[in-house]
Amino acid sequence: MKAQLFRLAKNSGIYGIGSTVIKCINILLLPLFTAYLTPSDYGILSLLGLLTFVAQPIFTLGLSAAMGPCYFDRSSLQNKSLTTWTSFSILLISSSILTIISWSCSRYLSMIALNSPDYGYFVSLSLTACAIGILQTPFMQRIQFEEHGQVFIKITIFSSLVSILLRLITVVFLNWGIEGILLAQLLSTIMTFLLFFIFGSRGTTFLCSRHTVRELLRLGLPLVPSFAFLFILMRGNQYILESFEGMDQVGIYSVGLNIGMVMGIATGAASTAWYPFFMSYIDNQCEAKTLFGRIFTYYLYSLGTICLLFFIGAKLIILLITQPAFHQASLIVGLAASAQFFSGLFNMLLPGVYFAKEIKYVSFTQGLAAIFSVVINLILIKLGGLFGAALGLALSHFLMTVFQWIWNAYRKEHYIQVEYEWRRIFSFTFVFFVFSIASFIPRTTSNWIEFGYTICLTFSLLIIVLLLMKDNERNFLQNRICMTLGIS
């Protein structure tokens, strides 16, 4: 079990390193960009992001999820090539349609997304970048499926650094504002696609078949509503917020959301490594019952602790890196991070669905959560504005996780029954709620007082988490830290 846990942790770490570097650079540059862009500019960019958030899963046709079962169905290189290139052929047609729509209907889409036809050019740039990003999906996933994490990270880091450089040139030096951001995004997306195409297609032969097309679409199309529901869960509340509070509040919300989304580095890395890991146990589910339960606990403890650090440090971070007009964003950071954390927990509950080849039912649990999300956000945003939007975001993702667990229990005769460590789960859940609530206690805006408060809460949290761990887990953690620091 230790060897398997180390394998998963290693792959998660590889995927997380590159994203961590890039996110840190983006955060450090936030004071610079908030000096050149207004809250209204951030609001427009946020709503454009919502538009691509909708378009991307619709025009990906669910193939990002459907590729896995087809790719792992047979281990032959021919089958892997067939899955990869057939997926690319389908997405080439789909992304071409998206590009045509983005330029021919730009003013109409601008009216829908931003309540004004004046942003049509921005819509076209944003959706064209989205279409090119869709094309990289088959080759990016092949690299992940083959567990070539280092190649994935090198491409990601290089393309992200180029994107940052382009944004500095277009926004800071050329003062192109929103247009500069979007042009930089488009150019970096083109380069990223080319890199994934070159490295992801290595060793494959161009193959395409009608049977594979049908199988991919059969598995993928039922998931398209699932991605639409994810949009409602993750981004839909911004439209409600804009309706009640205005574009400036959306801009402030987006800054806090983007900082909280840094949590996605850890959850995204864990989820990326988790999929090929649990699929490798499709023929060994007896051993997986205990192993998956232990992994769930470790995810809860490790990622939950990181999530709480976002709650604890939110106010200090916002005070240090943003202009005063954005200081309210501190209310958003921790709750946005918790939405990412719950999304990762949701992914931890999916092995049974995939083993039974019932991935279409994921749409059911996400759809139910999306319905609750709309109601929750309407109420909370009306009552609490920015904070209500963030709280609604977190609660919606929590409900999605709960609904998936209920569905797994309902289908227990057909799904793998993981042996969860409930006592440890409930213990940490209590700690999570206590520290998250403590982070919102009203206090002065003095940087030094906030720094002291943050340090006290951080050390208290770490001590409590260590006490909740078993002796062998503390010893293992201590040994790993000593090995990393070179201490004998």
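A residue counts as buried when its relative accessible area is under 20%. By this criterion, Phe139 in the present predicted model is buried, because its relative accessible area is 0%. The value for Phe197 is 29%, so this residue is partly exposed.

Phe139 belongs to helix α8 (residues 137-145), while Phe197 belongs to helix α10 (residues 177-200), so the contact ties together parts that are 58 residues apart in sequence.

A further pair is formed by Phe311 and Phe432. Here the centres are 6.1 Å apart and the planes stand at 85°, so this pair is edge-to-face as well. Phe311 sits in helix α16 (residues 285-321) and Phe432 in helix α20 (residues 422-438), and the pair links distant parts of the chain, 121 residues apart. Both Phe311 and Phe432 are buried. They also take part in one aromatic cluster, whose members are Tyr299, Phe311, Phe341, Phe342, Phe387, Phe398, Phe432, Phe433 and Phe440.

Aromatic rings meet charged side chains too. Lys382 is placed over the face of Phe244, at 5.3 Å from the ring centre. Likewise, Arg424 has its charged end over the ring of Tyr301, 5.2 Å from the centre of that ring.

Conventions:
Residues are numbered from 1 along each chain as its sequence is written. This is a predicted model: local features need pLDDT of at least 70, side-chain atom pairs count only at pLDDT 80 or more; totals for chains, interfaces and linings use all residues. Side-chain values use heavy atoms; hydrogens and water are left out. Helices (H or I, at least four residues) and strands (E, at least two) are DSSP runs, numbered from the N terminus. Buried means under 20% relative accessible area, exposed over 50%, partly exposed in between (1.4 Å probe, protein chains only). Rings of Phe, Tyr and Trp (its six-membered ring) pair if their centres lie within 6.5 Å; planes under 30 degrees apart count as stacked, over 60 as edge-to-face and the rest as tilted. A charge sits over a ring if NZ of Lys or CZ of Arg is within 6 Å of the ring centre and within 35 degrees of the ring normal.
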